[in-house]
Amino acid sequence: MPGAATFRTPAEAYDRHVGRYTPELSRALIEVAGAWPGDRALDVGCGTGALAGELAALLGAERVAAVDPSPPFVEACRRRLPGVRVEEGSAEALPFEDATFDVTLAQLVVNFMTDAPAGVGEMARVTKPGGTVAAAVWDYAADMQLLRRFWDAAVAIDPRAAELDEGRSMPYCTPDALGHLWSAFDDVQVSSVVVSAHYADFEDLWRPLEGGVAPSGAYTASLPPARRTALKAELEQRLGVSCEPFELTARAWIATGRVPQ
Ligand SMILES: C[S@@+](CC[C@H](N)C(=O)[O-])C[C@H]1O[C@@H](n2cnc3c(N)ncnc32)[C@H](O)[C@@H]1O
């Protein structure tokens, strides 16, 4: 997935972009998946560490491991979460023994895997029989407001952006597609959650996009200055925000399942 390369940026750029939503999403994912004191948990595609941090607060850092292919994110995660075992690696080849974890989670990651069925298969392999494997993905096509408005604005000024629109290009952003990816598990459930993020003003939302993080940021950074200015104006108008603080909401789909005994 070419989008995976867009996460080799400083961690702070991610934190100011989609990372604004991820602590709340992490708590929702943990609640839906279930994680209990004494469990060992793995965060696959840990990014800058929001989910691993929530798991460490619940279970203790020594019971949590995390893995991500982005060197700057791995470095940030190690710095932020002392005691958590943080590895550089990919879902498709997880650097852990079979049946190590009670709970294995991937937050906003399956769409960026090179081979998602293989990555989810690896998540199952490292999870104990009867353990839980779960993932969250954005509802890119409709109710992830930030990214939906962003790609609508991009296509309005540049029709060629349509092929980059994550609402079209992400293979697992509907309940059916995500449920299908989970079909090898027992007791599969797909649910939804809505989280939110606060912005001081439109500049607060725009600045991280210019930093090139995630597919939306990489697209923004690739534009020549005049087009970038046009995109900025179009997005501001579509969001209907300006110099005042505002909040956006984002819906995610969550799939959970149990590894067959
Ligand atoms: C949208 S970010 C999500 C980060 C974090 N889970 C969160 O919720 O903030 C996607 C992450 O997937 C990672 N990633 C990309 N390809 C991957 C792969 N094949 N296996 C595991 N992680 C991958 C990226 O490096 C990035 O950190």
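These legends go with close-up views of a predicted model.

**View 1. Helix α2 and what packs over it.**
Helix α2 runs over residues 22–33. Its 12 residues reach 16 Å from the first C-alpha to the last, close to the 16 Å expected at 1.5 Å a residue. The buried residues here are Thr22, Leu25, Ser26, Ala28, Leu29, Ile30 and Ala33. An α-helix has 3.6 residues a turn, so residues three or four places apart point the same way. What sits over the buried residues of α2? The cover includes helices α1 (11–16) and α3 (50–59), along with strands β4 (101–107), β5 (127–138), β6 (186–199) and β7 (246–258). Just after α2 comes Gly34, with a positive phi of about 85°.

**View 2. Ser26, a buried serine in α2.**
Zoom in on Ser26, which is part of helix α2. Is Ser26 buried or exposed? Ser26 counts as buried because its relative accessibility is 0%, and the cut-off for buried is under 20%. Leaving aside residues up to four places away in sequence, Ser26 touches Ala50, Leu51, Glu54 and Gln107.

Leu29 belongs to helix α2. With a relative accessibility of 0%, Leu29 counts as buried. Which residues does Leu29 touch, not counting those up to four places away in sequence? They are Leu51, Leu105, Ala106, Gln107, Ala134, Ala135, Ala136 and Ile254.

**View 3. The open sheet.**
In what order do the 7 strands of the open sheet run? Reading across, you get β3-β2-β1-β4-β5-β7-β6, with mixed pairing. At the edges are β3 (85–88) and β6, each of which pairs on one side only. From one strand to the next, the twist averages 20°. As a reminder, strands of a sheet pair through backbone hydrogen bonds, either parallel or antiparallel.

**View 4. Two strand pairs from the sheet, one of each sense.**
Start with β4 and β5, which pair in the parallel sense over 6 bridges. Phe101 has Thr127, in β5, as its bridge partner. How many of the 12 residues of β5 are buried? The count is 9, so this strand is mostly covered. Now move to β6 and β7, where the pairing is antiparallel and spans 12 bridges. Here Val190 stands opposite Ala255 in β7.

**View 5. The largest pocket.**
Rolling a probe the size of a water molecule over the atoms shows where empty space is left. The largest pocket holds about 580 Å³ of space. Its lining is made up of 39 residues, and the ones nearest the centre are Phe7, Gly45, Asp68, Leu108 and Val109. Which elements each supply at least two residues of the lining? They are β1 (41–44), α3, β2 (64–68) and α10 (214–222). Of these, α10 gives the largest share, 3 residues.

Most residues other than glycine have a negative phi, and most peptide bonds are trans. Ala99 is not a glycine, but has a positive phi of about 50°. Where is Ala99? Ala99 is in the loop between β3 and β4. Its relative accessible area is 35%, so Ala99 is partly exposed. Asp187 also has a positive phi, near 50°. Asp187 is found in strand β6, and Asp187 is exposed because its relative accessible area is 58%, with the cut-off for exposed at over 50%.

**View 6. Glu122 in helix α5.**
Last stop: Glu122, which lies in helix α5 (residues 116–125). Why does Glu122 count as buried? Its relative accessibility is 14%, and buried means under 20%. Setting aside residues up to four places away in sequence, the contacts of Glu122 are Ala91, Glu92, Ala93 and Leu94.

Technical notes
Residues are numbered from 1 along each chain as its sequence is written. This is a predicted model: local features need pLDDT of at least 70, side-chain atom pairs count only at pLDDT 80 or more; totals for chains, interfaces and linings use all residues. Side-chain values use heavy atoms; hydrogens and water are left out. Helices (H or I, at least four residues) and strands (E, at least two) are DSSP runs, numbered from the N terminus. Buried means under 20% relative accessible area, exposed over 50%, partly exposed in between (1.4 Å probe, protein chains only). Contact means heavy atoms within 4.5 Å. The expected span of a helix is 1.5 Å times one less than its number of residues. Two strands pair if DSSP finds at least two bridges between them. Axes are lines fitted to C-alpha atoms, for helices over the stretch in contact, and angles run from 0 to 180 degrees between N-to-C directions. On a 1 Å grid over the protein atoms alone, a cavity is a set of points where a 1.4 Å probe fits but cannot get out, and a pocket is an open set with protein on both sides within 12 Å along at least five of seven lines; lining residues have an atom within 4 Å of a point. Grid points are joined across faces, edges and corners, and a volume is the space filled by probe spheres set on the points.
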